[in-house]
Amino acid sequence: MKFFYIHTFGCQMNVYDSERLTQALQDHGWTVTKNSGQADLLLINTCTVRQLAEEKAFSLIGRWAKMKADRPDVIVGMVGCLAQHLRQKAFKRAPALDFMAGPRALMRVPELAEEARQKKRVAVFSVCNFGGGTKAPEGVVPSAYVAVMDGCNQYCTYCAVPLARGREKSRSQKEILAEVKRRVAAGTKEIILLGQNITRYGSDLGQKINLADLLCRIAEAIPELSRLRFITGHPSAFTEQLIKAMADLSPVCGALHLPLQSGSDRILQAMKRGYTSTQYTDLARKIRAFVPDLVLSTDIIVGFPGETEHDFQATLDMVKQCDFDMAFCFKYSIRQATIAAELPDQLPLLEKEKRLALLLDTVEQKAVAKKAAMIGRREKVLIEGTDVKTKQRLQGRTRGNHIVILDGPPAWIGREIEVEITATANWSLMGEVISPPAGIVNNGQAIA
Ligand code: SF4
């Protein structure tokens, strides 16, 4: 038996890519292991969004190099965005690396691993297809990702994603439907459609199909699907048709991640985001008019080159005005070969940290107040597994994507359960089951 181990950094698309890669390797006779010490093939799926992810990736390869010193036959491969972005430079920086593959060459990994076994150092960065997506794994998988497109044509000036993943490439509707059907038939209740710039789905297909049409097709063709989400939408490509699809299609959840990035028009322009702060606020207002209980989350970058106190204040004001349920906030991180990396007026780290702390404080105050307002509400929670911290309780998500922790048996995993929200706890909510799901008795055993 030959074993492989994958360590995944980065976004949901990387998690999905690692699932595809696992499938491809299993189809070629490899067996997955969770123990890196047992593996014959060590793979790192990398992220290029921030410098920290790059440093962590090379630090892990450094640890693997020590393992390889004891077991020279172990193969080490780097795949994903950072591999594509750094190319041959990664070989120089990490001599233990045997092969590299870019995000669109993942399906070549089984063949690259074989070549590397013959002591050849290889790298592939060319484009191949999605490789049929993921198959349904064994066991209960309550929520699954399905990629509908890859790449991005927006070229925001701070972002290395278009450099690593290339231009937008949408999958055919037929292929997506087949994958969603497979997952739902295997018991998955929630599908999260993925794309770096998903609101532009279909624009490269040369047919009249867009994201709203795709949501409609999935909802019509697979009525058993309980929940449908999509990430990540771009404000400039959000159409009225899409807003109506969110409001009208019952499986589509009323939760939306809509990156803002900055509240200053000057900075938004320098980032080349393609919208103004007013256009963003108007859009958020319009979506809320159609989807009244919308749970809105966002991404914000602080300390973009040239960001003044005034620009930063505009971001704080936007956070208050837009009433976000959650915001993922980051310090601007220089990415090689992007336009922003060459801009003057790069801010000192201390200033970026100070602004980030202030922003996080504002975001947290809002988030805490919004979560506290949920106490006493009844929510349908999809149980995803045991809670990350104690492993003693269950953890699930509301349709609005809030994490809820509750007591219950493992047999509830994969079920949607009505829960009353009883308290808040850090980033999650606590809940109590209103009535246990049918077919499960109190000791947690399923009955027919
Ligand atoms: S929309 Fe901008 S931030 Fe998002 S992936 Fe594309 S270039 Fe990067």
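This is a predicted model: local features need pLDDT of at least 70, side-chain atom pairs count only at pLDDT 80 or more; totals for chains, interfaces and linings use all residues.
1. Asn426 takes a positive phi near 45 degrees. You'll find Asn426 in the hairpin of S18 and S19, with two residues between the strands.

2. One of the pairs to click on is Ile421, whose bridge partner in S19 is Gly431.

3. S19 also pairs with S17. S17 is residues 403–406 and S19 is residues 428–433; here the pairing is parallel, over two bridges. Val404 has Leu429 as its bridge partner in S19, and Ile405 has Met430. For background, strands of a sheet pair through backbone hydrogen bonds, in either a parallel or an antiparallel sense.

4. Now put those strands in their setting. Which strands close into the barrel, and in what order? Five of them do, in the order S15-S16-S17-S19-S18, and the pairing is mixed. On average, neighbouring strands of this sheet are turned by 55 degrees against each other, direction ignored.

5. Stepping back to the whole chain: the protein has 13 helices and 19 strands. Its radius of gyration is 23 Å, close to the 22 Å that the globule rule gives for 448 residues, so the protein is as compact as a globular protein of that length.

6. How is the protein divided up? The pieces are domain 1 (2–124), domain 2 (137–253), domain 3 (254–373) and domain 4 (378–433). The C-alpha centres of domain 1 and domain 2 are 27 Å apart.

7. It's worth looking at where domain 1 meets domain 2. Eleven residues of domain 1 are in contact with 13 residues of domain 2. On the domain 1 side, helix H1 (12–27) and helix H3 (81–86) are the elements that give two or more residues. H1 gives the most, with four residues. By class, that side of domain 1 has six nonpolar, four polar and one charged residues.

8. While you're at H3, have a look at the loop that links H3 to helix H4 (88–93), which is where Arg87 is found. Arg87 has a phi near 50 degrees, a positive value in a residue other than glycine.

9. On to the ligand. Which residues are around the ligand? They are Cys152, Gln154, Tyr155, Cys156, Cys159, Val161, Pro162, Gln196, Asn197 and His234. Sorted by class, this shell has six nonpolar and four polar residues, and no charged residues.

10. Thr232 lies in the loop between strand S11 (227–231) and helix H9 (240–248).

Conventions: Residues are numbered from 1 along each chain as its sequence is written. A residue is near a molecule or strand if its C-beta atom, placed from the backbone, lies within 6 Å of it. Ala, Val, Leu, Ile, Met, Phe, Trp, Tyr, Cys and Pro count as nonpolar, Asp, Glu, Lys and Arg as charged, and the others, Gly among them, as polar. Domain bounds come from an automatic or database domain assignment. Two residues are in contact if their C-beta atoms, placed from the backbone, lie within 7 Å. Two strands pair if DSSP finds at least two bridges between them. Axes are lines fitted to C-alpha atoms, for helices over the stretch in contact, and angles run from 0 to 180 degrees between N-to-C directions. The radius of gyration is taken over C-alpha atoms; the globule rule is 2.2 Å times the number of residues to the power 0.38.
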